[in-house]
Amino acid sequence: MNNSAKYWQICQISPSQEKAGYRYREVATARKLIKQTFCDSLQIPSGDIQNKLLDLFYPQDSAIDALTRVDAGFSLRCFVSHPILKACQKIDSLFASNNSFTYRDLLPFVLDDDGQTPIILDQDCQTQLVVDERGKTKTSPYKFFSLKILGTYNSDSPSKMRLDNWAYLQTKQNKELKNFLSEFGFKLLSDWALLNRVRGSQLESLSKRDRILVEAFHEVYRRDRRKQRNKGVGKCPDPNEAQLREMLVYLQQREIVINTTVKVIKELKQVATQLRQYDIWSCREPLEIKESETGTYVPRADLPHDSTNEVEVEEQEFIDFLHHQFQLALVDAIAQEIENKLIKLNKSKRYAPLAKEFIPGLQLYYFQGKSLKEIAPQLGMTSWDQARRILNPGGLLSQIRESCVQQLLESILNQASLKGLTQIPPEPDYLKTLAQQIEAFVDQEVFHAAAAEIKAGKNRSLNSLYAQQLRLYLESLR
């Protein structure tokens, strides 16, 4: 498709296209406007077309009638449908794992323009107005996402980014897509585990009411989980009726009015949903920032403003992908290797009786900073050497590191294969070099600091990212 054609061919969902899930449809009024405006020359620069269409759609000249604005809007709506599709496909490649979803599942949230309804924007650039054949307008009952993109695009800003980049980034920031993606984040942890291990930075993102809900949950549920620490390891169960009633009493004392335990469950689950969103999107910033001098909002300096920076967008997306996959791998590896260690201990004739002390031992080590020598007598172990063999923090770290490297290697190879950058199975030299680079990356990010902490001796400070994540997991088991 040439650049000009993007202004009259709209990308739309097409269930009949089972493999692709979308199709391109020509919008006749858009093509007619382009041909008439540019004298049938269809090989003109896309930027010239776009600037002219923006002038028609956001007119400074009141003589431009509503129907002309409608036609210019049709062309711009066609144009932004292409980066919307591209963004969904990119999200698929960045975040979809284990075939849990594809870009086709994302399209209904954002690729919703019918390409037929004649719409312009009111002066506030937010209200969408349907235009009839006489040029009369009324508020549209449905808000097309493509028009929302056009409404937020500041075409007069001297630092503006290109419209396709703006549409692409707005799509990745779409609230409904974030809600959808949050359902696939940190599947390892249930709603109750998420609430149980909530961090201070997460609490700050919640409303006062939601923070009190979390406090009530901790006051009752976390307390009971801690009492169960010696009864073996298991997933966080649903709160029971007695716990929920006790939470109701706590909430009433804090002047939070909730009438039934069913509503308590519902509101707690809503808070858990927010926490999942925080985990996935906390590193993603708004597209614009407020300038202190002028008070106006402008695009962040690190975002692409022109076509020469598209490589930077790709590089940033790979960095996002890498860190996201590493975070998931670290969480998964911690859970998996702790479970493997427990299985191994329980199968050991020599250490099976002390297997139940593995989790309490790690909690003493990572929460209270106790040494193995101090932990041994507290857990009924005969010596420092026995505590080392059972807990072995350094060995656990090595196993988690190895698991992280393997998972990250598989994720990157899958990504490279999708982009046609390598074959499956890859060449041995390529695989070896990539594995070495991943090891260097994870060591720099996490494991060098974690290993140094363990080797530091009695006065160690367990503040590395590894130690923090391990504590979060151990907290979820309480």
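Mentor: The expected span of a helix is 1.5 Å times one less than its number of residues, and helices here are DSSP runs (H or I, at least four residues) numbered from the N terminus. This is a predicted model, in which local features need pLDDT of at least 70 and side-chain atom pairs count only at pLDDT 80 or more, pLDDT being the predictor's confidence in each residue, from 0 to 100. Residues are numbered from 1 along each chain, and side-chain values use heavy atoms, leaving out hydrogens and water.

Trainee: How do you know that the span of helix α11 agrees with its number of residues?

Mentor: Helix α11 has 13 residues (residues 241-253), so at 1.5 Å a residue the helix should span 18 Å, and its end C-alpha atoms are 19 Å apart, which agrees.

Trainee: Which residues of α11 are buried?

Mentor: With buried meaning under 20% relative accessible area, exposed over 50%, and partly exposed in between (1.4 Å probe, protein chains only), the buried residues of α11 are Q243, L244, M247, L248, Y250 and L251. They cover an arc of only 165° around the axis, which puts them on the same side of α11.

Trainee: What makes the contact of D164 with R162 a salt bridge?

Mentor: A salt bridge is a side-chain nitrogen of Lys or Arg within 4 Å of a carboxyl oxygen of Asp or Glu, and the closest N and O atoms of D164 and R162 are 2.4 Å apart, so the pair qualifies.

Trainee: Why is D164 called buried, and why is R162 called partly exposed?

Mentor: D164 has a relative accessible area of 19%, so D164 counts as buried, whereas R162, at 25%, counts as partly exposed.

Definitions and conventions:
Helix = DSSP H or I, 4+ residues; strand = E, 2+ residues; numbered from the N terminus. Arc of directions from axis to C-beta.
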